[in-house]
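Q: I would like a close look at one part of the protein shown here. Please start from that part and then say how the rest is arranged.

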Amino acid sequence: DFSKTEYISSVGVRVLLGASRTIKAGGGKIALSSLCHQVLNILEIAGFTKIFTIYETRDKAIRHMKRKD
């Protein structure tokens with residue numbers, strides 16, 4: 001839930017990438033939600049919108065996480 005995040009640095013983006021790799025290697029899923037325009041733009045520029053599943057709301061992300069895929 002990024003609802004209180006107004007900016008993400010390149011270090012923050014790398015942390016997200018590392019977390020994603022670790023979670024997926026363990027068979028888990030990761031989803032991001034409630035991104036403000038600026039954070040979403042940074043992730044788009046970095047190409048991370050192809051790596052992460054992004055939802056408009058926290059509730060939608062939680063529903064995704066609970067699905068049995």
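Which side chain meets that of Arg 58 in a salt bridge, and what is the distance, N to O?

A: The partner of Arg 58 is Asp 1, and the two side chains form a salt bridge at 3.9 Å, N to O. This is a predicted model, in which local features need pLDDT of at least 70 and side-chain atom pairs count only at pLDDT 80 or more, while totals for chains, interfaces and linings use all residues. Residues are numbered from 1 along each chain as its sequence is written, and side-chain values use heavy atoms, with hydrogens and water left out.

A salt bridge here is a side-chain nitrogen of Lys or Arg within 4 Å of a carboxyl oxygen of Asp or Glu. By this rule the count comes to one salt bridge. The pair links distant parts of the chain, 57 residues apart: Arg 58 is in helix α3 (residues 58-66), and Asp 1 is in the segment before α1 (10-25). Side chains of opposite charge can pair when their charged atoms come close. Arg 58 counts as partly exposed because its relative accessible area is 47%; buried means under 20%, exposed over 50%, and partly exposed in between (1.4 Å probe, protein chains only).

Helix α3 also holds His 64. His 64 has a relative accessible area of 9%, so it is buried. Leaving aside neighbours within four places in sequence, His 64 is in contact with Lys 29, Ala 31, Thr 53 and Tyr 55, where contact means heavy atoms within 4.5 Å.

The protein as a whole has three helices and two strands, and from the N terminus on they run α-β-α-β-α. These elements are DSSP runs, numbered from the N terminus: helices are H or I with at least four residues, strands E with at least two.

Lys 24 belongs to helix α1. With a relative accessible area of 43%, Lys 24 is partly exposed. Apart from neighbours within four places in sequence, Lys 24 is in contact with Ile 30 and Ile 51. Val 39 is 15 residues from Lys 24 along the chain, and their C-alpha atoms are separated by 22 Å.

The loop between β1 (31-33) and α2 (37-45) contains Ser 34. Ser 34 has a positive phi of about 60 degrees although it is not a glycine. Its relative accessibility is 18%, so Ser 34 counts as buried. Leu 35 lies in the loop between β1 and α2, and Leu 35 is buried, with a relative accessible area of 16%. Not counting residues up to four places away in sequence, Leu 35 touches Phe 2, Leu 40, Leu 43 and Ile 54. Leu 35 and Ile 54 are 19 residues apart in sequence, yet their C-alpha atoms are 8.2 Å apart in space.

Some values concern the whole chain. Buried residues make up 28% of the 69 residues. Of the contacts with a separation of 6 or more, 61% are between residues 24 or more positions apart. The C-alpha trace spans about 30 × 25 × 20 Å along its principal axes.
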